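Welcome! Please take a moment to turn the model around, and then let us walk through it together.

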Amino acid sequence: MILQQLINGIVIGSVYALIAMGATLVYGILKVLDIANAGAYAIGAYAGLFLYQATGSLPVAFLGAVLFTGLFGVLVQRVLYVPLLDKPPLVPLICSIGLFIFIQDLIRLLAGPHIRAFEAQLPFRGIELPYLSVNAIWIAIMATTAVLLVFLWYMLNRTKLGLAWKSTAQDLEIAKAMGVNVDRVVAFNFLLGYGFAAAAGIMIGMLYNSVFPTMGDMPAYKMLAIIVLGGLGNPLGTVVAGLLIGVVETLVAGYVGFFLPRDAIAFVVLIVILLVRPQGLLGQRT
């Protein structure tokens, strides 16, 4: 029973990590909390659904939706954030909230307000054991998350672009003065971040067999809890925090019961840990 609950928690925590990763990458460079990234979560889910219905191919739908949403992130960066970089941090934050609301309303106008089913057919079966059950969608979620996170780790630690990202995150102006193409780094950062959010939206749509315009509401709040808990701007901390919250939510819901809404558990965990480590799990004290 405990193994089954741990698997459930890892599945949910994997998606949480992807949801929050985009906002972590954006904060790491621009020091802005990009709430609009939760809108990319819904855009990716709808784009994946429509492409899957049009092509019948899940890989094509997944890659097409991730690419489309990533390019939307680059557009957001160029149109919204570039003109606001010299403004106080509160200004881009408010603008990102406004963009998030706009995205939800635009989806509602274009796709309708009703819940749509995302019935994806996977080419493999799940695992059925006497003491453990892992369905095909869970396996796909864990495998896809692992591949994306390994890809991100490789990009950040084994490529020149990753070195440029780290230098830009440390000091944008100094990096620019030293010849780093900051514009390209920030654009690629948004491409990855919004693409990751889209991947999470597609997988949640498949997991719960539903997509709807306001599906980004709770991820918008939970995303903040995860990136603060992991240490602002720390990608590894975001992964650890996402998995931790997913496992804790599942164990509390499974063994303690719903003494409070499940989505509130993330904030309880955040409060408890920040009382002990104000800088977050892997953040550095400044």
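A cavity is found on a 1 Å grid over the protein atoms alone, as a set of points where a 1.4 Å probe fits but cannot get out; the grid points are joined across faces, edges and corners, and a volume is the space filled by probe spheres set on the points. Searching the whole structure turns up one cavity of 30 Å³ or more.

Which residues line the largest cavity? They are Leu25, Leu152, Met155, Leu156, Thr159, Leu161, Gly162, Trp165, Phe188, Asn189 and Leu192, where a lining residue has an atom within 4 Å of a point. Two or more of these residues come from each of α5 (136–158), α6 (160–170) and α8. Helices here are DSSP runs of H or I with at least four residues, numbered from the N terminus. By class, this lining holds eight nonpolar, three polar and no charged residues; Ala, Val, Leu, Ile, Met, Phe, Trp, Tyr, Cys and Pro count as nonpolar, Asp, Glu, Lys and Arg as charged, and the others, Gly among them, as polar.

Now look for an open space. The second largest pocket holds about 380 Å³; a pocket is an open set of points with protein on both sides within 12 Å along at least five of seven lines. Of its 19 lining residues, Tyr41, Ile204, Tyr208, Pro219 and Asp263 lie nearest the centre. At least two lining residues come from each of α1 (2–30), α8 (182–208) and α9 (217–230), and α9 gives the largest share, five residues. The lining of this pocket has 13 nonpolar, two polar and four charged residues.

Two of those helices also pack together. The axes of α1 and α9 are 9 Å apart, at an angle of about 75°; axes are lines fitted to C-alpha atoms over the stretch in contact, and angles run from 0 to 180 degrees between N-to-C directions. α1 and α9 are therefore roughly perpendicular, a term for angles of 65 to 115 degrees. Tyr16, Ile19, Ala20, Ala23 and Thr24 in α1 touch Pro219, Lys222, Met223, Ile226 and Ile227 in α9, with contact meaning heavy atoms within 4.5 Å. Eight nonpolar, one polar and one charged residues make up this contact.

Finally, find Phe72, Tyr81, Phe190 and Tyr194, a cluster linked by ring pairs. Rings of Phe, Tyr and Trp (its six-membered ring) pair if their centres lie within 6.5 Å.

Residues are numbered from 1 along each chain as its sequence is written, and side-chain values use heavy atoms, leaving out hydrogens and water. In this predicted model, local features need pLDDT of at least 70 and side-chain atom pairs count only at pLDDT 80 or more, while totals for chains, interfaces and linings use all residues.

How values were computed
Angles under 35 degrees count as roughly parallel, over 145 as roughly antiparallel, 65 to 115 as roughly perpendicular and the rest as oblique. Rings of Phe, Tyr and Trp (its six-membered ring) pair if their centres lie within 6.5 Å; planes under 30 degrees apart count as stacked, over 60 as edge-to-face and the rest as tilted.
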